[in-house]
Amino acid sequence: MRNKVVCLFFLAIALLVTVQACQTEEQLKYAQYYTNGKALYDQHCQNCHNSDGKGLANLVPPLTDTTYLKNHKNELACIIKHGLKDTIMVDGRQFSGEMPANHQMPDIDIAAIVTYITNSFGNKQGLYDVSNAGSDLKGCEH
């Protein structure tokens with residue numbers, strides 16, 4: 001009986017390794033960005049946008065408006081890095097509070113946060129990698 005349990009254990013490990021090996025490089029990259037983005041979101045963004053991405057009443061915009069995030073995805077890196085002092089419309093509501101800048105945040109961390117928020121809270125927009133962030137940040141008006 002003990003040999004059977006040990007055999008099943010090693011079979012399960014082998015199966016797990018095989019399944020993990022079957023992930024594409026893109027899937028692994030997405031998982032890494034998403035996981036890192038969640039940790040960074042929890043550290044830098046959750047206080048205002050909340051753990052569910054619903055924001056704070058009429059003070060902090062929600063991250064649950066998939067249309068806004070999709071239409072403004074190329075601006076998100078700039079907003080994270082340089083903050084926001086403009087009035088914006090999100091989910092049919094106007095927000096004019098100031099979002100603080102994160103000037104010290106590297107492009108890779110910004111890409112991870114954008115990947116996380118654009119694939120959470122009802123959003124499914126795929127990988128946003130460091131090259132996307134670098135390109136979008138070059139277009140910032142700051």
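Biologist: Is lysine 85 buried or exposed?
Modeller: This is a predicted model: local features need pLDDT of at least 70, side-chain atom pairs count only at pLDDT 80 or more, and totals for chains, interfaces and linings use all residues. Residues are numbered from 1 along each chain as its sequence is written, and side-chain values use heavy atoms, without hydrogens or water. Buried means under 20% relative accessible area, exposed over 50%, and partly exposed in between, with a 1.4 Å probe and protein chains only. Lysine 85 has 68% relative accessibility, so it counts as exposed.

Biologist: Which elements does the loop holding lysine 85 lie between?
Modeller: Helices (H or I, at least four residues) and strands (E, at least two) are DSSP runs, numbered from the N terminus. The loop of lysine 85 lies between α5 and β1 (88-90).

Biologist: What pattern does the protein chain follow along the sequence?
Modeller: The chain has 7 helices and 2 strands. Read along the sequence, their order is α-α-α-α-α-β-β-α-α.

Biologist: What share of the contacts with a separation of 6 or more comes from residues 24 or more positions apart?
Modeller: Contact means heavy atoms within 4.5 Å. Of the 142 residues in the protein chain, 35% are buried. Among contacts with a separation of 6 or more, the share from residues 24 or more positions apart is 59%.

Biologist: What percentage of the accessible surface belongs to carbon and sulfur atoms?
Modeller: Accessible areas come from the Shrake-Rupley method with a 1.4 Å probe; for residues, only the protein chains shown count as cover. The protein chain's total is about 9,100 Å². The share of carbon and sulfur atoms is 55%.

Biologist: Why is α6 largely enclosed, and which elements do its buried residues pack against?
Modeller: In α6, 8 of the 11 residues are buried, so the helix is largely enclosed by the rest of the structure. Those buried residues include Ile110, Ile113, Val114 and Ile117. Ile117 touches Tyr41, Leu63, Leu69, Leu76 and Asn123, leaving aside residues up to four places away in sequence. The buried residues of α6 pack against α2, α4 (66-71), α5 (73-82) and α7 (130-138).

Biologist: What is the angle between the planes of tyrosine 34 and tyrosine 116?
Modeller: Rings of Phe, Tyr and Trp (its six-membered ring) pair if their centres lie within 6.5 Å; planes under 30 degrees apart count as stacked, over 60 as edge-to-face and the rest as tilted. The structure holds 5 aromatic pairs. Tyrosine 34 and tyrosine 116 are 5.0 Å centre to centre and form a tilted pair. Their planes stand at 55°.

Biologist: How many residues apart are tyrosine 34 and tyrosine 116?
Modeller: Tyrosine 34 is partly exposed at 26% relative accessible area, whereas tyrosine 116 is buried at 5%. Tyrosine 34 sits in helix α2 (residues 25-44) and tyrosine 116 in helix α6 (residues 107-117). The pair links distant parts of the chain, and the separation is 82 residues.

Biologist: Which residues do ring pairs link into a cluster?
Modeller: Tyrosine 116 also pairs with phenylalanine 121, edge-to-face, at 5.7 Å centre to centre and 85° between the planes. Phenylalanine 121 is buried, at 18% relative accessible area. The cluster is Tyr30, Tyr34, Tyr41, Tyr116 and Phe121.

Biologist: How far apart are the closest N and O atoms of aspartate 129 and lysine 29?
Modeller: A salt bridge is a side-chain nitrogen of Lys or Arg within 4 Å of a carboxyl oxygen of Asp or Glu. The whole structure has 2 salt bridges. In the one between aspartate 129 and lysine 29, the closest N and O atoms are separated by 3.2 Å.

Biologist: Where do aspartate 129 and lysine 29 lie?
Modeller: Aspartate 129 counts as buried at 14% relative accessibility, and lysine 29 is partly exposed at 29%. They are 100 residues apart. Aspartate 129 is in the loop between α6 and α7, and lysine 29 is in helix α2.

Biologist: Which helix holds both aspartate 42 and lysine 38?
Modeller: These two form a salt bridge with closest N and O atoms 2.9 Å apart. Aspartate 42 is partly exposed at 33%, and lysine 38 is partly exposed at 34%. They are 4 residues apart, about one turn of the helix, and both lie in α2.
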